[in-house]
Amino acid sequence: MEVFYGILIPFLGTSLGAACVFFFKDALGDHMQRSLTGFAAGVMVAASVWSLLIPALEQSADLGQWAFVPAAVGFWIGILFLLTLDHVIPHLHRNCKQAEGPKSHLKRSTMMLLAVTLHNIPEGMAVGVVYAGYLSGNAQISAAGALALSLGIAIQNFPEGAIISMPLHAEGYRKLRAFYGGVLSGIVEPAGALLTILAAQLIIPALPYLLSFAAGAMLYVVVEELIPEMSQGRHSNIGTVFFALGFTVMMILDVALG
């Protein structure tokens, strides 16, 4: 049950964020969206380092000077995996500018939903890999450390849920339907986490590769999607400040609980 609750916590964060549509009248302003996106990016970078890459390196310490190999290989597989998805699923920052005509706002919201759903795939895998390591009895991964990752991703999922549901409502969707849209973007996380746990239990020796794979996938999302989003328009330093805040929060969570 501890693991079950752990993989549901990030989904709860997305759902609570999507519920903002019931309490706020207007869509999020540009400054607020950049702030929330920057915060999410900071959390993901810190989680990739402390919760994924460092444990991957520690688990390969018996390889001596070659301890970096599993982390480097897994990292690049994660990058290439997301690069492949990048060609399959349209990304918001590239395609929303191409939307024209009366349905352009709807098209932008649809691409936003696809982009956030794509973000959530590696996040769910990251949670699943860490909990798989905990279930295997791995000394480098504690229950508190796995919980720290779940909480960190839940925190950064909160603004993602709001970024989906509130624009959908502003563009004509009823509040309940807009809420469901935000929730739907996060459903891939517990599903991805569960599938990863099941797979990892069969190939525990590959755990360092899986941890670094999740890190590579998450960092790809940060550089390809979140950083361009938080840097658009005037006062782009707002996104940078909130990036630093998100990074700090996740670092404190991981070190304090891990």
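Is Phe179 buried or exposed? I looked this up at the outset, working from a predicted model. Phe179 has a relative accessibility of 18%, and because the cut-off for buried is under 20%, the residue counts as buried.

**Entry 1: aromatic rings.** I then followed the ring of Phe179 to its partners. Phe179 and Tyr180 have ring centres 5.9 Å apart. Phe22 joins Phe179 and Tyr180 in a cluster linked by ring pairs. For the aromatic pairs I recorded a count of six.

**Entry 2: overall fold.** I listed 10 helices and zero strands. Along the sequence the pattern reads α-α-α-α-α-α-α-α-α-α. Of the 258 residues in the protein, 52% are buried. I also looked up the contacts between residues at least 6 apart in sequence, and 86% of these join residues at least 24 apart.

**Entry 3: nonpolar cores.** The largest nonpolar core holds 42 residues, and within this core Leu52 and Leu149 touch the most other members. I noted the elements that give two or more residues to this core: helix 1 (2–18), helix 2, helix 3 (68–88), helix 5 (104–135), helix 6 (143–170), helix 8 (188–202) and helix 9. Another core, of 13 residues, lies apart from it and includes Phe11, Ala162, Leu168 and Ala178. Returning to Leu52, I set aside residues up to four places away in sequence and found that Leu52 touches Ala47, Ala126, Val130, Leu211, Ala214, Ala215 and Met218.

**Entry 4: Ser51.** I placed Ser51 in helix 2, which spans residues 30–59. Which side chain makes a polar contact with the side chain of Ser51? I found that of Asp254, at 2.3 Å. Ser51 has a relative accessible area of 6% and is therefore buried. Leaving aside neighbours within four places in sequence, I listed its contacts as Ala46, Val130, Leu149, Leu211, Met250 and Asp254.

**Entry 5: helix 9.** Helix 9 covers residues 207–230, a run of 24 residues. I read a reach of 33 Å from its first C-alpha to its last, close to the expected 34 Å. Where is the kink in helix 9 centred? I located the kink at Val222, with an angle of about 35°. Helix 9 is mostly covered, as 19 of its 24 residues are buried.

Notes:
Residues are numbered from 1 along each chain as its sequence is written. This is a predicted model: local features need pLDDT of at least 70, side-chain atom pairs count only at pLDDT 80 or more; totals for chains, interfaces and linings use all residues. Side-chain values use heavy atoms; hydrogens and water are left out. Helices (H or I, at least four residues) and strands (E, at least two) are DSSP runs, numbered from the N terminus. The expected span of a helix is 1.5 Å times one less than its number of residues. The bend at a residue is the angle between axes fitted to the seven residues ending there and the seven starting there. Buried means under 20% relative accessible area, exposed over 50%, partly exposed in between (1.4 Å probe, protein chains only). A polar contact is a pair of N or O atoms within 3.5 Å; within protein, one must be able to donate a hydrogen and the other to accept it, and residues adjacent in sequence count only if both atoms are side-chain atoms. Contact means heavy atoms within 4.5 Å. A nonpolar core is a set of buried Ala, Val, Leu, Ile, Met, Phe, Trp, Tyr and Cys residues joined through side-chain atoms within 4.5 Å. Rings of Phe, Tyr and Trp (its six-membered ring) pair if their centres lie within 6.5 Å; planes under 30 degrees apart count as stacked, over 60 as edge-to-face and the rest as tilted.
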